[in-house]
Amino acid sequence: MAELNTGDDGGGKGGKVRSKKQNSKVDLTAMVDLAFLLITFFMLTTSLSKPQSMPLGLPAKDDTLTKIKPLKTDQRRTVTIILGAKDQVKWYHGLLDAPEVGGAPTTTDYTKDGIRKELLKRVQSIPEVMGDKDKGMIVIIKPTKKSTYKNLVDILDEMAICKVPTYAIVNEFSPEENKLAEEINK
């Protein structure tokens with residue numbers, strides 16, 4: 001039992017004799033119990049900081065969507081990024097068969113002078129070429145089997161940093177893109 005004693009011993013080295021006072025005792029057991037109950041209550045009801053994440057819009061599973069033809073996008077707006085092994089990225093602007101000027105397949109990495117520099121350049125130039133600020137860049141991200149989850153997160157971070165308006169993660173490769181993927185996965 002916890003208790004709190006107050007008062008003195010009643011003795012001292014003085015010449016006066018004082019009457020002994022009764023020591024008052026306060027039982028603190030209930031207060032300790034209450035403190036632990038409050039600590040437990042606040043620990044269980046407090047919400048800790050929630051992890052921050054990027055919103056990811058996934059399409060609904062619908063059988064009618066498989067019958068619809070694939071949506072054609074303007075090649076001048078499209079940049080395709082293929083994620084490879086060893087933190088390598090291969091990208092091209094436009095179609096692989098007929099890439100846009102300065103958009104031939106190029107290998108780079110995730111540094112600020114790598115893929116970020118190219119994305120920032122194209123985020124600004126594509127709306128100017130299109131003549132409409134609402135028609136911004138579309139990025140198609142294609143991770144290979146040799147790329148890591150970290151690579152995918154890194155490229156999604158680059159999309160947020162560069163403020164890319166539209167991007168998609170696609171796991172289908174054309175035969176030509178498979179050749180590019182093999183080059184960066186060596």
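**Briefing: a predicted model and its mixed sheet**

Six bridges connect strand β3 (residues 78–83) with strand β6 (residues 138–143), and the two strands run parallel. Strands and helices are DSSP runs numbered from the N terminus, with at least two residues (E) for a strand and at least four (H or I) for a helix. The model is predicted, so that local features need pLDDT of at least 70 and side-chain atom pairs count only at pLDDT 80 or more, while totals for chains, interfaces and linings use all residues. Residues are numbered from 1 along each chain as its sequence is written, and side-chain values use heavy atoms, with hydrogens and water left out.

**Overall architecture**

- The protein contains four helices and seven strands, arranged along the sequence as β-β-α-β-β-β-α-β-α-β-α.
- Of its 186 residues, 26% count as buried; buried means under 20% relative accessible area, exposed means over 50%, and partly exposed lies in between (1.4 Å probe, protein chains only).
- Among contacts (heavy atoms within 4.5 Å) between residues at least 6 apart in sequence, 60% join residues at least 24 apart.

**The sheet**

- An open sheet of five strands has the order β5-β4-β3-β6-β7 with mixed pairing; two strands pair if DSSP finds at least two bridges between them.
- Strands β5 (106–108) and β7 (166–169) form the edges, each pairing on one side only.
- On average, neighbouring strands of this sheet are turned by 25° against each other, direction ignored.

**Strand β3 and its partners**

- Towards β6, Val79 stands opposite Val139 and Thr80 stands opposite Ile140.
- β3 and β4 run antiparallel and are joined by five bridges; His93 in β4 is the bridge partner of Val79.
- The hairpin of β3 and β4 has five residues between the strands, and in this hairpin Lys86 takes a positive phi near 55°.
- Both faces of β3 are covered, with Thr78, Thr80 and Ile82 buried on one side and Val79, Ile81 and Leu83 buried on the other.

**Helices on the sheet**

- Helix α3 (residues 149–162) lies across β3, β6 and β7 and runs at about 170° to β6; axes are lines fitted to C-alpha atoms, for helices over the stretch in contact, and angles run from 0 to 180 degrees between N-to-C directions.
- Helix α4 (residues 175–184) packs on the sheet and touches β3, β4 (89–93), β5 and β6, its direction making about 45° with that of β3.

**Nonpolar cores**

- The largest nonpolar core has 18 residues, of which Ile81, Leu83, Leu119, Val139, Ile141, Ile155 and Met159 touch the most other members; such a core is a set of buried Ala, Val, Leu, Ile, Met, Phe, Trp, Tyr and Cys residues joined through side-chain atoms within 4.5 Å.
- At least two residues of this core come from each of β3, β4, α2 (115–130), β6 and α3, and α3 gives the largest share, five residues.
- Apart from this core lies another of six residues, including Ile82, Tyr92, Leu180 and Ile184.

**Aromatic and charged groups**

- The structure holds one aromatic pair: the ring centres of Phe41 and Phe42 lie 5.2 Å apart with planes at 70°, so the pair is edge-to-face.
- Rings of Phe, Tyr and Trp (its six-membered ring) pair if their centres lie within 6.5 Å; planes under 30 degrees apart count as stacked, over 60 as edge-to-face and the rest as tilted.
- The charged end of Lys142 sits over the ring of Phe173, 5.8 Å from its centre; this requires NZ of Lys or CZ of Arg within 6 Å of the ring centre and within 35 degrees of the ring normal.
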